[in-house]
Amino acid sequence: MKKKILVVDDEFSIVTLLQYNLEQGGYDVIVANDGESGMRAVYEQQPDLIILDIMLPIMDGIEVCKKLRQNKVFTPILILSAKVEEFDKIIGLELGADDYITKPFSPRELMARVKALLRRVEFLQSSEVVVLDENVIVVADLEVRLDEYLATFRKEPLELTRKEFELLRYLVERRGKVLSRDVLLKNVWDYSFIGDTRIVDVHISNLRDKIEEDTKNPKYIKTIRGIGYKLEGLV
């Protein structure tokens with residue numbers, strides 16, 4: 001069955017380019033030209049991935065992303081925008097987007113990112129990691145339920161985006177090991193950001209906000225200076 005991709009963009013030339021390349025890649029494409037109709041399409045069409053422009057009429061892409069995540073819709077979101085400032089990029093990622101690419105973009109790069117996001121979802125859905133049972137990882141105060149995309153800490157549910165969940169899962173499965181930012185990029189995001197590891201730092205910071213009592217002196221997710229991170233204290 002073909003994967004469905006929702007493109008939410010109001011620029012005719014961009015939509016035409018995306019639709020052509022995606023259909024050539026074997027995907028079914030749904031198009032919406034504003035944020036409000038994009039939101040409706042998510043619920044009505046149930047796409048496998050969303051390519052979402054930031055600058056949209058009626059409701060901008062940041063607001064669409066925010067509302068979807070608040071409503072527990074964890075469909076992968078690739079933000080597409082002419083904005084290049086790091087501030088805009090980080091805001092999109094903090095609100096739950098899975099990736100970000102700026103205009104003008106290479107169709108080849110965009111297709112690589114689309115494939116990487118979809119592969120990651122397929123991997124998570126088919127994984128058979130076993131700790132407590134086939135769908136549950138329990139490490140001290142932390143419980144991760146793979147089939148429900150749910151994590152609890154000290155019995156309290158954690159509100160995680162899809163990518164935060166995937167990062168937490170990867171850390172838990174390799175608890176006690178030092179993991180470089182490049183390794184996290186490759187395995188959680190499934191491709192290289194060509195040296196841009198800020199996305200890892202943002203998601204680590206988000207996780208710390210949810211499980212650390214003192215984020216300036218973390219007990220669980222430790223920074224290994226000059227290398228990356230290590231999950232400890234839970235083992």
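Leu-142 sits opposite Phe-153 of strand 8 in this predicted model. Strand 7 (residues 142-145) and strand 8 (residues 150-153) run antiparallel and are joined by four bridges; strands here are DSSP E runs of at least two residues, helices are H or I runs of at least four, and both are numbered from the N terminus. Two strands count as paired if DSSP finds at least two bridges between them.

Zooming out, four strands make an open sheet in the order 6-7-8-9, with antiparallel pairing. Strand 6 (136-139) and strand 9 (156-157) are the edges, each pairing on one side only.

Helix 6 lies across strand 6, strand 7 and strand 8, at about 120° to strand 7. Angles run from 0 to 180 degrees between N-to-C directions, with axes fitted to C-alpha atoms, for helices over the stretch in contact.

Helix 6 (residues 162-173) also meets helix 7 (residues 181-189): their axes come within 10 Å and cross at roughly 120°. That makes helix 6 oblique to helix 7 (under 35 degrees is roughly parallel, over 145 roughly antiparallel, 65 to 115 roughly perpendicular, the rest oblique). Here are the residues in contact (heavy atoms within 4.5 Å):

| Helix | Contact residues |
|---|---|
| Helix 6 | Lys-163, Glu-166, Leu-167, Tyr-170, Leu-171 |
| Helix 7 | Val-183, Leu-184, Asn-187, Val-188, Trp-189 |

By class, the contact of helix 6 with helix 7 has seven nonpolar residues, one polar and two charged.

A note on sources: residues are numbered from 1 along each chain as its sequence is written, and side-chain values use heavy atoms, leaving out hydrogens and water. Local features need pLDDT of at least 70 and side-chain atom pairs count only at pLDDT 80 or more, while totals for chains, interfaces and linings use all residues.

Technical notes. Nonpolar A, V, L, I, M, F, W, Y, C, P; charged D, E, K, R; others polar.
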